[in-house]
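User: I am new to this structure. Please take one part of it and walk me through that part closely.

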Amino acid sequence: AAPPAGTTFVVPAALSGPLASDVHRLKIVRSMEPRPIKANITTEIEWEEKSLQEQVTACEFVMGPAFEVFGTEHCTSSMGKEQRASTRLMFLKRQQNYEFRLGELEGYIVSVSTKVTCGELSSCAGPTRSNGKKMMNGDTKLLSIEVDSELGRAILERNGFSVTVWITTVSAVGEVAETRQEIVKCASLSHASLATDLQIALETGECADVTLKSEDGDSFMAHRQLLAMRSPVLRAMFNGSMLEAQSGVAHIPASSSSVRQLLRFIYTDEIDASTSGTSESVIVELFELGTQYVLPRLVAHAKGNLVQTLSVDNAADRLMLAMKHSVEELKNAAEAIIRVNLSAVMQTEGWTRLSKDPLAMALLIKHIKEPRPRQTVDCSPPKLKRPRTSPGLG
């Protein structure tokens, strides 16, 4: 149950051992993006084989020609050229039968009809659907012919066959889009005795002379002098002619969890990331509080956390936050995730809020449509300096 309003909180001591001096982080965001497909487009491919025995002697299967499937047109991100998904037909010789298969067609569901002909004999099968999987699990069995059947013996005698398949696009399976972002190494802070002493002072509330109240109505005891040393804004509030200086009470525009973390940072110069109350909303509030009360190290801590925890779900909100406070690193990181995972981001609540901001939408659309300028490198050879001649030398 939630504590009653007006409760005075004491921040517990949660001191851990020293961490590594440098931490290198890699942020990976994955989302499911739809594959482009034009349904009900049929590709007809005919494979005529006339050297079956020579190829089957070496192995138990014969790889047919590779071909593209129409209806799967898409543009590659690297070259910008239109491409199609490709696959191939296969012939397998088993002990009791011959088997015709369609190779993997990853991400696409197609309907396949097959006709095998040898001389005057033929056999038909289908339609059969592919499963859209990859590697061997993605092969689709099209037709099986018994070796001792009339058509099977004809294939052996004539040393070949003719197979025609009709492949019709049905639907597409989403593909995983991945964004990798390397985050600059962060130096960890070791716990010093001063930080421990200040943490104890905050925990016990001994000699506390001011009170911070959250928007939830909870009260937090603190020390006027320490707040004044850490923040010029709090110094003006408690040491000037403002109402807070007379009453010793300041109202902080944040939740109780955020005020608790704000005090911890002011006293110990760190955020307790292990606390369950350090949620995404708390980090955003800490970023706002650090900006409001001019606490640059708190802003840096919160900004690093916001960049590291970027995801498809919060990229739109983070972009608006970065634009509001002109945080270039966070803005660029959020834009990168939105560009790669646009359709997934558009399904989030944050996108609904972002779409109502004309300036944010205009900037985002501009960056999505306009290609990034390439850096040019001067490859001209360096200029050679003429050697100096000493006086009197000819």
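Analyst: Let us take an open sheet of four strands, ordered 3-12-9-10, with antiparallel pairing. The model is predicted. Strands of a sheet pair through backbone hydrogen bonds, either parallel or antiparallel.

Start at the edges. Strand 3 covers residues 42–49, and strand 10 covers 121–129. Each of these two edge strands pairs on one side only. From one strand to the next, the twist averages 15 degrees.

Now look at one pairing. Strand 3 and strand 12, which spans residues 161–172, run antiparallel. Eight bridges join them. Within this pairing, Trp47 stands opposite Val163 of strand 12.

Next comes the helix on this sheet. Helix 2, residues 150–158, lies across strand 9 (108–118), strand 10 and strand 12. Its direction makes an angle of about 75 degrees with strand 9.

Which residues of helix 2 are buried? They are Leu151, Gly152, Ala154 and Ile155. These residues lie on the same side of helix 2, because they cover an arc of only 160 degrees around the axis. An α-helix has 3.6 residues a turn, so residues three or four places apart point the same way. The other side of helix 2 carries Glu150 and Glu157, and both are exposed. Just after the helix, Asn159 takes a positive phi of about 60 degrees.

A core of 29 residues includes Ala154 along with Ile45, Trp47 and Phe100. This core is the second one, and it is separate. The largest nonpolar core has 53 residues. Among those with the most contacts inside the largest core are Leu212, Leu286 and Leu354. Leu354 touches Ala316, Leu319, Met320, Ala360, Met361 and Leu364, leaving aside residues up to four places away in sequence.

Last, the cysteines. How many disulfides does a search of the whole structure find? The search finds zero. Cys118 has a relative accessible area of 5%, so it counts as buried, the limit being under 20%. Cys207 has a relative accessible area of 67%, so it counts as exposed, the limit being over 50%.

Terms used. Residues are numbered from 1 along each chain as its sequence is written. This is a predicted model: local features need pLDDT of at least 70, side-chain atom pairs count only at pLDDT 80 or more; totals for chains, interfaces and linings use all residues. Side-chain values use heavy atoms; hydrogens and water are left out. Two strands pair if DSSP finds at least two bridges between them. Axes are lines fitted to C-alpha atoms, for helices over the stretch in contact, and angles run from 0 to 180 degrees between N-to-C directions. Contact means heavy atoms within 4.5 Å. A nonpolar core is a set of buried Ala, Val, Leu, Ile, Met, Phe, Trp, Tyr and Cys residues joined through side-chain atoms within 4.5 Å. Buried means under 20% relative accessible area, exposed over 50%, partly exposed in between (1.4 Å probe, protein chains only). The arc is that of the directions from the helix axis to the C-beta atoms. A disulfide is a pair of cysteine sulfur atoms within 2.5 Å.
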